[in-house]
Amino acid sequence: MSAPHVVNGAGIQVGAPRPLAVLDIQHRGKPGKWADRGATYPPGARLQDPHIEEVDLTHRYVLAADRTLRLAGFNVAVIADGAYRDRWQRSHDYGAAVHVACHVDSGGANRGSVLYDRRSPNGRVLADAVADALGRAVPWPVAAASCGPDTNGVPGDEGERGFSVIAGLYPLRPTGLVYEPGFIDSRNDQHRALLAERPELLGVALARGIAAGWARLVANAS
Ligand SMILES: [Zn+2]
């Protein structure tokens with residue numbers, strides 16, 4: 001029998017031997033939208049044309065994150081089916097520590113972002129750590145940013161869209177993050193090539209950031 005875990009006010013389980021990270025491949029497996037592949041490059045490519053799909057890049061980096069997280073002492077569950085609100089509930093039921101909504105962005109920019117629910121102090125710690133790890137792994141700027149239902153009053157902006165995919169996680173555990181490590185259609189050639197050829201880098205960075213951020217939360221809680 002294992003010792004009971006101490007749960008502090010922020011919901012961090014001190015001494016839990018292997019925290020669970022849920023990596024959620026978004027777009028894939030949404031009921032009624034089985035063909036949703038996320039963004040494509042070139043944009044608007046037909047199925048029979050050569051092109052890159054967001055869900056394939058996401059899948060590749062999620063596998064790398066899975067391996068790296070397990071080496072860092074986490075358990076990992078990868079999910080890629082169900083309505084988003086059902087995925088949140090499953091994560092909660094699993095007792096997950098972290099839930100990452102995994103994407104690749106579109107819109108041509110040359111940057112990456114890690115979003116967290118602005119109500120969640122733990123989200124901020126984890127997002128900062130993941131942004132820091134990704135920023136060391138890629139040549140473009142990466143920032144953590146908070147999101148909410150009306151981030152800055154611009155309907156449909158990045159923060160609002162990000163919030164819609166993690167909104168139901170708070171105040172449930174786990175802590176939710178939206179990972180948008182880069183742009184599938186970046187106007188920067190080096191950026192686009194790195195995403196297409198080495199998406200694993202993005203997953204390793206995600207895992208290292210989660211491990212570093214989690215260590216910080218546990219240290220704060222003990
Ligand atoms: Zn997406």
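**Helix packing and buried residues**

Biologist: Which residues in α3 meet residues in α6?

Modeller: From α3, the residues are Asn122, Val125, Leu126, Ala129, Val130, Asp132, Ala133, Leu134 and Ala137, and in α6 they meet Leu201, Leu202, Val204, Ala205, Leu206, Arg208, Gly209, Ile210, Ala212, Gly213, Arg216 and Leu217. Two residues are in contact if their C-beta atoms, placed from the backbone, lie within 7 Å. Helices (H or I, at least four residues) and strands (E, at least two) are DSSP runs, numbered from the N terminus.

Biologist: What is the make-up of that contact by class?

Modeller: The contact of α3 with α6 has 15 nonpolar, three polar and three charged residues. Nonpolar here covers Ala, Val, Leu, Ile, Met, Phe, Trp, Tyr, Cys and Pro; charged covers Asp, Glu, Lys and Arg; the others, Gly among them, count as polar.

Biologist: Before we go on, what kind of model is this, and how are residues numbered?

Modeller: It is a predicted model, in which local features need pLDDT of at least 70 and side-chain atom pairs count only at pLDDT 80 or more, while totals for chains, interfaces and linings use all residues. Residues are numbered from 1 along each chain as its sequence is written.

Biologist: At what angle do α3 and α6 pack?

Modeller: Helix α3 (residues 121-137) packs on helix α6 (residues 200-221) at an angle of about 140 degrees, and their axes are 7 Å apart. That angle makes α3 oblique to α6. Angles under 35 degrees count as roughly parallel, over 145 as roughly antiparallel, 65 to 115 as roughly perpendicular and the rest as oblique. The axes are lines fitted to C-alpha atoms, for helices over the stretch in contact, and angles run from 0 to 180 degrees between N-to-C directions.

Biologist: Is the crossing of α3 and α6 left-handed or right-handed?

Modeller: α3 passes α6 in a right-handed crossing. A crossing is right-handed if the near helix is turned clockwise from the far one by less than a right angle, and left-handed if anticlockwise.

Biologist: How do α1 and α6 cross?

Modeller: The axes of helix α1 (residues 54-71) and α6 come within 7 Å and cross at roughly 40 degrees. That makes α1 oblique to α6. The crossing of α1 and α6 is right-handed. On the α1 side, the residues in contact include Arg60, Tyr61 and Leu69, and on the α6 side they include Glu200, Leu206 and Ala211. By class, the contact of α1 with α6 has twelve nonpolar, two polar and three charged residues.

Biologist: Changing topic, which residues touch the most other members of the largest nonpolar core?

Modeller: That core has 55 residues, and Ala21, Val130, Leu177, Leu206 and Ile210 touch the most other members. A nonpolar core is a set of buried Ala, Val, Leu, Ile, Met, Phe, Trp, Tyr and Cys residues joined through C-beta atoms within 7 Å. Leaving aside neighbours within four places in sequence, Leu177 is in contact with residues including Val98, Tyr116, Leu126 and Val130.

Biologist: Is Ala131 buried or exposed?

Modeller: Ala131 is buried, with 26 other C-beta atoms within 10 Å. A residue is buried if 20 or more other C-beta atoms, placed from the backbone, lie within 10 Å of its own, exposed if 12 or fewer, and partly exposed in between. Ala131 lies in helix α3. Not counting residues up to four places away in sequence, Ala131 touches Val114, Val142, Ala143 and Ala144. The C-alpha atoms of Ala131 and Ala144 are separated by 5.6 Å, although the two residues are 13 residues apart along the chain.

Biologist: Where is Leu23, and what does it touch?

Modeller: Leu23 is found in strand β3. Leu23 is buried, with 27 other C-beta atoms within 10 Å. Beyond its neighbours within four places in sequence, Leu23 is in contact with Val62, Ala65, Asp66, Val76, Val78, Val100 and Cys102.

Biologist: What about the backbone: which bond from Tyr41 is cis?

Modeller: The peptide bond from Tyr41 to Pro42 is cis, with omega near -5 degrees. Tyr41 is in strand β4, and Pro42 is in the loop between β4 (40-41) and β5 (52-53). A cis peptide bond also joins Tyr170 and Pro171, with omega about 5 degrees. Most residues other than glycine have a negative phi, and most peptide bonds are trans.

Biologist: What is the phi of His27?

Modeller: His27 has a positive phi of about 80 degrees although it is not a glycine. His27 is found in the loop between β3 (20-25) and β4, and His27 is buried, with 20 other C-beta atoms within 10 Å.
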